[in-house]
Amino acid sequence: MRTEPLTSRHFDIARHPISEAEFRNRCRDELETEGVLVLRGFFTDEVIQHAAAESAALESAAFYSDAVHNVYLTAIDPELADTHPFNRPVVSNKGLIADDLIVGDSPLREIYADPPFRSFLGFVLGLESLFPYAHKLSTIVISVANAEMGLGWHFDTSASSVTMLLQAPEGGGVFEYVPEARDADAGGMGFDNVERVLDEGGPVCTLDFSPGDLVVFRGRNALHRVTTVVGSTTRSVVIFAFNERPDASMSQAALRTFFGRTA
Ligand SMILES: O=C(O)CCC(=O)C(=O)O
Ligand SMILES: [Fe+2]
């Protein structure tokens, strides 16, 4: 029988009291003003080591994409020119360990389901309920990138992304982003910002985070990418997707691109 709440096993609650109102308000304000929230040393060493070992064991089962896609992770629109921001190609080549490959008793599933953690995330993100994806592949994924691999500029499909870095590479693999590059809820596409970033390279922000840090960002509105990894150490990061609606799904095009399958 479990004798202590899950929370204290996986999270450093003394440093990050996620159930206290004052702390929550501070985090919500930081996410609001910065477009991203980083809680340093949020996950315990023990859970990071366990998840890193899980990632290493599953790496050979990852699907490695070498894909050209648009920044919206959708099929392109043949009615629009190739040069239109909606159709502009970006390249992503990295591996994804799909949710259905992660074992049922993985601590990653305990983290995803942890009530105080979910309550905290709902509060800072301003979401009443948080749902997994309706399909089996991408609620919890581990993204792995070796030398020369990276993730091109894109907006996420889920309302928000919550990430947990397991292993940093020797070089590169830097998370770059443009907060609030669009307002997806208002139907915004952010074409001007997309064009500026793809054509002129910026301006963009860089986020520096380490294994054990919790990163929360509004990936649906923040244009973001991971630069090419340098060196022989794999960059490995867990991505937890929390959706506003129970029927949320990635597009069939995106599933094929990143998982090599749709079910
Ligand atoms: O690897 C990261 O830090 C972010 C990954 C990401 O943006 C994604 O998989 O959508
Ligand atoms: Fe993303």
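In which loop is Pro203 found? In this predicted model, Pro203 is located in the loop that connects α6 (191–200) with β9 (205–207). The peptide bond leading from Gly202 into Pro203 is cis, and its omega is near 5°. Most residues other than glycine have a negative phi, and most peptide bonds are trans.

Positive phi values occur at two residues other than glycine, Leu73 and Glu148. For Leu73, phi is near 55°; the residue is part of the loop between β2 and β3. Leu73 has 19 other C-beta atoms within 10 Å and is therefore partly exposed, since 20 or more would be required for a buried residue. For Glu148, phi is near 75°, and this residue belongs to the loop joining β4 (140–145) to β5 (151–154). Glu148 has 11 C-beta neighbours inside 10 Å and so counts as exposed, the limit for that class being 12 or fewer.

Helix α7 spans residues 252–259 and includes the buried residues Ala254, Leu255, Phe258 and Phe259. Viewed down the helix axis, the buried residues of α7 lie within an arc of 100° and therefore line one face of the helix. An α-helix has 3.6 residues a turn, so residues three or four places apart point the same way. The packing partners of the buried α7 residues are the strands β2 (63–69) and β3 (90–97). After α7 comes Gly260, which has a positive phi near 75°.

Notes. Residues numbered from 1 in each chain as written. Chains lettered and ligands numbered in written order. Predicted model: local features only at pLDDT ≥ 70, side-chain atom pairs only at ≥ 80, totals over all residues. Helix = DSSP H or I, 4+ residues; strand = E, 2+ residues; numbered from the N terminus. Arc of directions from axis to C-beta. Contact = placed C-beta atoms within 7 Å.
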